[in-house]
Amino acid sequence: MSEELFGRDYSDADPPPPKEWEEEIPPPEVEPEGAPIGDTGLTLADVMEETREVKRREAALSIPRMIELDPEKALRQVQALTQILPTLQRAAIAATLPSDWVVMKAKGQSDEDATAFPRKPACLQFRRFFGVSIRNPRNIDTGKPECRVTEYEGVKSVWSDRDRKKVPTKVRARRAEIWVDAYSDRLADGIEAVRGVRSSTEEFIGRATEPQDLEEAARTSADNKATRILCGIVSKPVGELAGIMGLTVAQFIAKASTGSGFGTSEQRETARQEQGGHATSGPVSSHAGEFWSVVVEAFGGNEQSAWAYLAEMAAFDGDKGKVKPKSFDHLAGNNGWYRRTVEKWNTQHPDHAFKGGE
Amino acid sequence: MPEPFVLEAEQELRARSLMDRVVAAVVKTFEVEATGSGRAPATYVYASQWRACTRRMAIDVAWGHEAPPWPAEALARMRRGKEREVDLRVRLERAGKLSDPKFEVVGGEERFELKGKSGRVVLAGRTDCTVKQGEDTFKVEIKSLSPFVAAKIKTPEDFEQFWWTRPYPYQMRAYQLGSNTRFGLWVLDRGGLPDLMLSDLYAENNLQKAEEFLAAAELASETGVLYRETGDVSILPEFATDAAECARCPYFGNRCQPPLEAQGPALGLAEELVEAERIYWETILAHKQHEAAAETLKDWAKASGSDLAVVGDTILSMSRYFTTEYPVPKEVKQQFARKVERCRTSLARPGMSNTDADAQ
C-alpha cells in the first residue's frame, strides 16, 4: 500500500500538525488586504483565507478516517483521485482564456513571477469540469433562498473637487450577503455555508446603485468562492497557466486582465482599450513637453485650440463610452496612449511632425 | 489670418464634434420614450411572456414593472417592429381586396383575457389583427425577424431553435384559446416579402400546451401578486431545473437564488481504459508514420501505371474495379436532405503535446 498520498507521508499514524500549512503561506506583499483584485470580487484577505481553506481540506480529506473504514477502497479512491485531479485541473484551465484571469505582481517582480487569479468565466469552466453544483443558496438567518441585505455606515472613496482626488467619505452603505453549499460530484467532496458578500462602497462596473446588482454580485461571489475552494484553484503562477494554454508568459499577460503591479488603474484601463494589452509602468516620455510645444506651435500659439484638437485625436471608444484624456499630463502619463497619439499626429500632419525622442 | 493648418484642423474638429452631437441626440430621441418597462404592477401574465420557468413568470408579475429602462438600441428595434407591423397590416388589407376569394382584415389590436379557476384574469394579451374570410377567422401575429433567423423558420416547431423565439407559439396558442379560434396566422417580416405560417390549435399537442400555459399563468399570477405584497420568496413556484434558463434570466442572483446543478465529466478509471489511453499516446507517432508511409507507397504504385509493383520485401498489386455512382442533381438531392445527429470525439491532453514526437 502506498504511504504517500497527495505528496504527504501518511505512514505515521499521527495526523500532521494542524497549523503546519499556515506557515507555508507567504506574507502578503502585493497590496493591502482590503483592496479588491480586479473585478474578481476578491481581496487579498479572501485569497489568503481561501488558500488556507484549500490546504486545510487537502490535509483533512480524512485519509486516516477513510483508511479506518475501508483501507482498500480508500486507497483505490485516493489513487484514482490523485491521478485524475491534475488532469481535471489542467483541462479546466485549458478551457479558460487568458482574459478570464487577473494577473498581479509585487513591486520589483518580473512578469514570469506574476500570479493569476480566476475571474467568473474561469470559475464557470471549473464548475463544468469538476461537476460543481451550487446548492441551498440562502439567507443564513431565515434559511430562505434570498440575500441578507443590511444597511450600515460605510466608507467610500468619493471624488472631491476641492482636493482634486478621491477621498474616504462616510456614506450610508448597503451590504448583500448570501451563503451557499457546493458539492463536486467528481471529487465526491462538498463545502458548506460559503459566504458571498458585496457592499455598495465597492467600485462596480455598470449600474452600481441598483440593489439587485449588489445581490447578484454577492451570489456570484459566493458561487465562485465555493468553486475555487472545491477545485483547489485559488491562484496559479502565470508560467503554469501560459504553459497549459500553449502561450508564452508575455502573450498570456498581454491578453489577461491586469491588476496590481501593472501600472495605475487608469493606465491599465486605457492601455487595455488602446493596445489590447497592459501598460508598461516605465517612466513617462521625457519628450512629452517638446511634443506639446510642436502642437501648440501648429495652432499659432493657441493652447486652447491645440488641446481641444489633441484631446479629440487621442480619444478612443472604450467599454464605457468615449475615453478622452482629461489633460495633457493625463495623456502623457500613459506611455502607450501617448506614443500612439504622437504616431497619429505625425501621420496626419507630416508638415508639423514631432521628431523628438528618435 | 490663421494658417491653413489651423483652419483645416478646426474644421475637422467641428465636424467630429457635430457628428458626436448628432449621434447623442438620436440616442436621446429613443431614450426619452423609455420609462422603465412602462407598466403598472401586473396582476396577470402577458401572453408574450411565456417562460420555461414558472418562477420567472411569477417574478415578472411581481416586479416586471420595476425593470430598468430599455437601452436605446432595443427601443429603436422595437420602434421599427411597431412601424413594420402597421405597414404589414395595411399591406394585408390591400391584399385582401386583390385576393380571390377576397378576405378582410377586421379590427386593429384586440385585447383578450383568459380567466383561471378562481375567476380572476390570469393571462392577457393583444392580437395584432384578425383576418376573416367567410366563416373562417384567423388571429394574426406579426413578428419582425432577422432575415437569417426567418430563413430557418419554416414550421411552428422551428421556433424551438432559438430561445427568444420559443415563446411565440405559446403566445399564439393563448390568442387562439382566448378568442376561441382554431387557426392563427404568423406574418414573419424578414426584410423582403413576408413569410406566412399557419398555427392550428388542434394540431400536435398545441391544445395541451395552451392549457399548460394557462395553468402556469394562474400559478404565476397568484404567487407573483402575493410575493409582491409580502416579499416572501418561499411562496414562489419551484426553481427551473435547466441551468441554461437561469443563465439568461435577469432575476438570477438577485430576486431568484436557484441552486445550480452540474455534472462533471465521466471519469474513466477502469484498468482497460487507462491502458487504452496509454497505448493511444504511445503509438500516436507510429500511427502517423504508418499512414504517411502507406500513402507514399500507394501513390507511387498508382503513378507507375503497372498492375504490379515491388518495393523491398513488399509487393503492391493494383486491381481495377467499378463502383456505381448516382449523379443526382443538387436540387433533387436537397429534397431528401435531413438532419442526422452525429458525434465527433476528439482526444487531447491539455498542457501536453498532442501530436508530435513529444507524445512518446
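Mentor: Let me begin with the term we need: a residue is buried if 20 or more other C-beta atoms, placed from the backbone, lie within 10 Å of its own, exposed if 12 or fewer do, and partly exposed in between. The model is predicted, so local features are taken at pLDDT of at least 70 and side-chain atom pairs only at pLDDT 80 or more, whereas totals for chains, interfaces and linings use all residues. Residues are numbered from 1 along each chain as its sequence is written, while chains are lettered from A and ligands numbered from 1 in the order in which they are written.

Gly351(B) lies in the segment after helix 10 (330–335) of chain B, where helices (H or I, at least four residues) and strands (E, at least two) are DSSP runs numbered from the N terminus. Leaving aside residues up to four places away in sequence, Gly351(B) touches Arg90(A), Ala94(A), Gly243(A) and Ile244(A); a contact here requires the C-beta atoms of two residues, placed from the backbone, to lie within 7 Å.

Those partners lead us to the interface as a whole, in which 39 residues of chain A are in contact with 25 residues of chain B. Among the elements of chain A that give two or more residues to this side are helix 3 (71–94), helix 6 (238–245) and strand 9 (165–184), but strand 7 of chain A gives the most, with 6 residues. By residue class, the side of chain A that touches chain B divides into 16 nonpolar, 10 polar and 13 charged, where Ala, Val, Leu, Ile, Met, Phe, Trp, Tyr, Cys and Pro count as nonpolar, Asp, Glu, Lys and Arg as charged, and the others, Gly among them, as polar. For the complex, the predictor gives an ipTM of 0.72 and a pTM of 0.67.

Turning to the confidence in chain B, its mean pLDDT is 87, with 95% of its residues at 70 or more, pLDDT being the predictor's confidence in each residue, from 0 to 100. Over residues 356–360 of chain B, however, the pLDDT is below 50, and this stretch has 9 contacts in the model beyond near neighbours in sequence. Where pLDDT is low, the predicted coordinates should not be read in detail.

Elsewhere in chain B, helix 5 is mostly covered, with 11 of its 13 residues buried, including Tyr168(B), Met172(B) and Leu177(B). Its cover includes strand 3 (110–115), strand 7 (183–189) and helix 6 (206–230) of chain B. The 13 residues of helix 5 (residues 167–179) should span 18 Å at 1.5 Å a residue, and its end C-alpha atoms are 18 Å apart, which agrees; the expected span is 1.5 Å times one less than the number of residues. Asn180(B), which follows helix 5 of chain B, has a positive phi near 55°.

Another positive phi, near 60°, belongs to Gly312(B) in the hairpin of strand 9 and strand 10 of chain B, which has 2 residues between the strands. Strand 9 (residues 308–311) and strand 10 (residues 314–317) of chain B pair in the antiparallel sense over 4 bridges, pairing being assigned if DSSP finds at least two bridges between two strands.
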